[in-house]
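Subject: Structure handover

Hello,

The sequence and coordinates come first, and my notes follow.

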There are 2 protein chains.
Amino acid sequence: MSIIVQKFGGTSVADTKRIMAVAKKAIREYKAGHQVVVTVSAMAGETDRLLNLANEIDPAGAPRERDMLASTGEQVSIALTAMAIEKLGASAISFTGPQIDMRTDDGFTKAKIRSINDAVIRKELDEGKIVVIAGFQGQTDEQEITTLGRGGSDTTAVALAAVLGAERCDIYTDVDGVYSADPRIVPNVKKIPALAYEEMLEMASSGAKVLHTRAVQFAAKYQVPIQVLSSFEDKPGTMIMQEVQEMEDVVVSAITHSMKDAKVTLSKIADKPGMAAAAFQLLADRNINVDLIVQNVGKEGLADISFTVERADLPYIQKLEKELLQLVAAQEILYDPKIAKISAIGVGMKTHAGIAARMFSTLAAKDINILMISTSEIKVSCVIDQDYTELAVRALCEEFGLVDEQVSA
Amino acid sequence: MSIIVQKFGGTSVADTKRIMAVAKKAIREYKAGHQVVVTVSAMAGETDRLLNLANEIDPAGAPRERDMLASTGEQVSIALTAMAIEKLGASAISFTGPQIDMRTDDGFTKAKIRSINDAVIRKELDEGKIVVIAGFQGQTDEQEITTLGRGGSDTTAVALAAVLGAERCDIYTDVDGVYSADPRIVPNVKKIPALAYEEMLEMASSGAKVLHTRAVQFAAKYQVPIQVLSSFEDKPGTMIMQEVQEMEDVVVSAITHSMKDAKVTLSKIADKPGMAAAAFQLLADRNINVDLIVQNVGKEGLADISFTVERADLPYIQKLEKELLQLVAAQEILYDPKIAKISAIGVGMKTHAGIAARMFSTLAAKDINILMISTSEIKVSCVIDQDYTELAVRALCEEFGLVDEQVSA
């Protein structure tokens, strides 16, 4: 019997009425003849409520305890969802991450999945139950509770789909698919019918909030077809799948923006080889991900190194300040949290040249200063002042034909 | 090194400011040279909030899922408490019930503790950490999450104290000790300096909300001295310990009342032996506790059986209605949730006669009708109409000398 994995985000389980609607969707697939696994996030606002409590006590509190705290949100949702399914007459059972031995590394607050014990799940599916599993959470070899980071429930769903050999992983959310840019910024932006894993990966890692990066990596690795669709409307969403020829005809598929990064600058460094490496090794050891890096050599042989990290990591970097300054023999460290990263993405870039140049000149035409640049085979990213985010995204959508023509004036 | 177990109830961890105060109390005992284990309940109101969500979906939802849900409240508290202790400079680590293998039976929503793996706790204590453990929760042999019922965190604390051989179990709460009656009803009621386990047990099981019944049973069995004291004031509380001679000089130590019960009547039963037994066996099989039972034989050989159960169990009994009526060949089933149970308790009853008679005549003098009666060696309980609760408690406190003389007019 084929298995469908369904994932419902926080807005889809925001209250008990919506949870009943989730239960109906699960039962519909079940009655259509599938075995159904449901993964849910915490109720909308719950994770923020919990982390606000933690921040009241200590914004740099032990990541282990933050995970102990945050993982409760999903546990609430699975219990309520299982009750709702049973209330509607089907049979259901809920499991936490530890209960299905969703094993992760010990990178608390952003742990990576290593293995899943699917035996527990298969046993319940074979008994005719709809199995409801907490997204976002797992446990280490020492049975410490971990979380997979924001959006981690997507990863849980795709990992489950992969290990169970599911036919499809349906990600239900509050939008009806993946758009070429944030529709709140570009109201007439186009919806994308189908995307390559590679493109979705670049979109997710560069600010599109639709799917978690790790989720797309898993899907690509295990070739799990993902469908992103609306919890609230019955219409087809966006399929994310293996690249097909037609996808390359589109030069740029999407313009993404991210405002969750901050720029850190280590200033006036005596420019000697190996120094930067030591600093980045220290950050890597503390599980702090560095994204873009730029090094400028100034007067008197003194250099500046700027890099971007997640804003949420700033308190941890501030704790390491002295160590960092010492490691690279820098004179000062500067923080700029008011930046935005704007990216143009498309598998079409592989066969079309000059995309970066078109992007730079479009921004220049709007007098937007580019602070940092990075490129990959299918992506160009620019860091700019956060104030110009909307302007930049709109201009680039126009430039690359990602907006529908105005229907009415 | 001696071990102190501290338990903090919901009002003691109601917000992050109070959690910081809890952390201070833990650190104070630690600095006084003890190893410290802290058990916390869910933040005040949290368990109700969660169960209200469950009730919105299904008031008779699967007990397994209710436990999955309700156990999250304590997990939130332990994470925040551990963070607070670390913020104040001491070292702490939190554990859920499953993580210390707090093993219980599978009586979901009121499971009983079977064993605890103290190795995990001792290891962390020996490393100098304050260990924070979730009250109220455990797991079955199949790793299903269970809860111990309302007030179960007390039981967790005492069970931990017993298994760790703790010097004392301090139960911090929002009152400064155990009173001879509810001070909200009898404002000038006396505080009890020391109580026998036996008395506390009868008080807990007959409505005094200070301590969970199972907690006192554990304490009595393993001879763990308990102190009930205030989270908010620094003064000695009430010691609960082995009976000493002086305790018997007090005839009645306390008047308790309970309004959490309901009366169920199986009416017009063909009065044959063994029928009632079958009905009560069915309830026992469903883990529904029956408290008082009264059987009246009326005209034509038809009998009525009335019994009391927790009001929360009424939806489950309603589900069994047909089966119950059939089992005892009764014509109808009646529910009366508007009852109160008033009890007089004292180890002194063992050596003083006529307490029941004094209780009945005191109630009669106030025109309060007695619906059901039960007695034990150290307790007399009467079920009355709930409307007369306060009147009955006040009259009995006067009768048995449990009020302080009026200090001012």
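Which strands of chain B does helix α9 lie across? Please keep in mind that this is a predicted model. Helix α9, residues 275–285 of chain B, lies across β16, β17 and β18 of that chain. Relative to β17(B), the helix runs at about 160°.

The sheet

These strands belong to an open sheet of four in chain B, ordered β17-β18-β16-β19, with antiparallel pairing. The edge positions are taken by β17 (290–297) and β19 (332–336) of chain B. Each of these two has a single partner strand, so one side of each is left without a neighbour in the sheet. On average, and ignoring direction, neighbouring strands of the sheet are turned by 20° against each other.

Within the sheet, strand β16 (residues 261–270) and strand β18 (residues 302–310) of chain B run antiparallel and are joined by eight bridges. In this part of chain B, B:Ala270 stands opposite B:Leu302 of β18(B).

The contact between the chains

On the A–B contact, 27 residues of chain B touch 27 residues of chain A. On the chain B side, α1 (16–31), α2 (46–57), α3 (63–70) and α4 (72–87) each supply at least two residues. The most comes from α4(B), with 11 residues. By residue class, the side of chain B that touches chain A consists of 15 nonpolar, seven polar and five charged residues.

Regards

Technical notes: Residues numbered from 1 in each chain as written. Chains lettered and ligands numbered in written order. Predicted model: local features only at pLDDT ≥ 70, side-chain atom pairs only at ≥ 80, totals over all residues. Contact = placed C-beta atoms within 7 Å. Nonpolar A, V, L, I, M, F, W, Y, C, P; charged D, E, K, R; others polar. Pairing = 2+ DSSP bridges. Axes fitted to C-alpha atoms, helices over the stretch in contact; angles between N-to-C directions.
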